[in-house]
Amino acid sequence: MNEPTHITSRDNPLLKRLRVLAQDSTAYRKQGQVWLEGDHLCRALLARGHRPATAVFSERYWPVAPHMLRDACDHRVLVPEVLMAGISGLESPAGVGFVWDLPDAGGPQPGQAAVVLDRLQDAGNVGSILRSAAAMGFAQVLALKGTAALWSPKVLRAGMGAHFALHLVEGLAPEDLRDLGVPLLVTSSHRGDFLHQAALPWPCAWVLGHEGQGVGPVLEAMASQSVRIVQPGGEESLNVAAAAAICLHASAAAR
């Protein structure tokens, strides 16, 4: 394998591109690549059988980097700590990051269990829901227009590697779900069957709505079932990511 290339100039074209990917939440749509910063995300990518296009290491980390990271691809780059910090979107810059070519998203996969995100705004919520979806055996996450960018740096960090286990499609309209071929279940804080009493179909598509407005009326009309979570403590509602984890676990347990 070739020796890594040393980059010492802040104006290097690769580093300029990485700064954009690390700091612009939608830059991946134009560039077709994502920046995966840190040991955990890089390992998660490799664990799913993917390989990066480029691996970037800080000069300090390179000598102690595990072989699985050092040998992940042919194009390897070393940069001084100060330049790694200039790329980083973290308070404490990591010693390694991968550039990965995004797969072709295509469209929704009919007949596959899904999670539908209806205009969710918070990147932390979106990433957490992706983690729950992957853990509970859902094959795809389908995001409607207005949802936080699925491959943004904040969602990637919150997802903790779940992205690489899922088929992700974004920018959809409600009508794009009409041929999904599985029942749509909508979450509600005030009406519908109580989750612990409901007969849950499998496969299905759980629809999770905007943090403040909930599920939109078009998707509500398309749904075959409305479900709510019993809250004996009396709170008005649950955080959408917490509600998603509860609902997706219920589906997994009922299979």
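Glutamate 170 is partly exposed, with a relative accessible area of 24% (buried is under 20% relative accessible area, exposed over 50% and partly exposed in between, with a 1.4 Å probe and protein chains only). The model is predicted, and local features need pLDDT of at least 70, side-chain atom pairs count only at pLDDT 80 or more, and totals for chains, interfaces and linings use all residues. Residues are numbered from 1 along each chain as its sequence is written, and side-chain values use heavy atoms, with hydrogens and water left out.

Glutamate 170 forms a salt bridge with arginine 29, the closest N and O atoms being 3.4 Å apart (a salt bridge is a side-chain nitrogen of Lys or Arg within 4 Å of a carboxyl oxygen of Asp or Glu). Arginine 29 lies in helix α2 (residues 27-31) and glutamate 170 in strand β8 (residues 167-172), so the pair ties together parts that are 141 residues apart in sequence. Helices (H or I, at least four residues) and strands (E, at least two) are DSSP runs, numbered from the N terminus.

By this rule the salt bridges number three. In another of them, the side chains of aspartate 39 and arginine 43 meet at 2.6 Å, N to O. Both residues belong to helix α3 and are four residues apart, about one turn of the helix. An α-helix has 3.6 residues a turn, so residues three or four places apart point the same way. Aspartate 39 is partly exposed at a relative accessible area of 28%, and arginine 43 is partly exposed at 32%. Aspartate 118 forms a salt bridge with arginine 119, with 2.8 Å between the closest N and O atoms; aspartate 118 counts as buried, at 3% relative accessibility.

The buried residues of helix α3 (residues 39-47) are Leu41, Cys42, Ala44, Leu45 and Leu46. Their cover includes β2 (33-37), α4 (67-70), β5 (96-101) and α7 (153-159). Glycine 49, which follows α3, has a positive phi, near 85°.

The largest nonpolar core has 58 residues, of which Phe98, Leu117 and Trp206 touch the most other members (a nonpolar core is a set of buried Ala, Val, Leu, Ile, Met, Phe, Trp, Tyr and Cys residues joined through side-chain atoms within 4.5 Å). Helix α9 (residues 240-254) supplies the largest share of this core, seven residues. Not counting residues up to four places away in sequence, the contacts (heavy atoms within 4.5 Å) of phenylalanine 98 include Cys42, Leu45 and Leu46. A second, separate core of 16 residues includes Val169, Leu172, Leu184 and Leu219.
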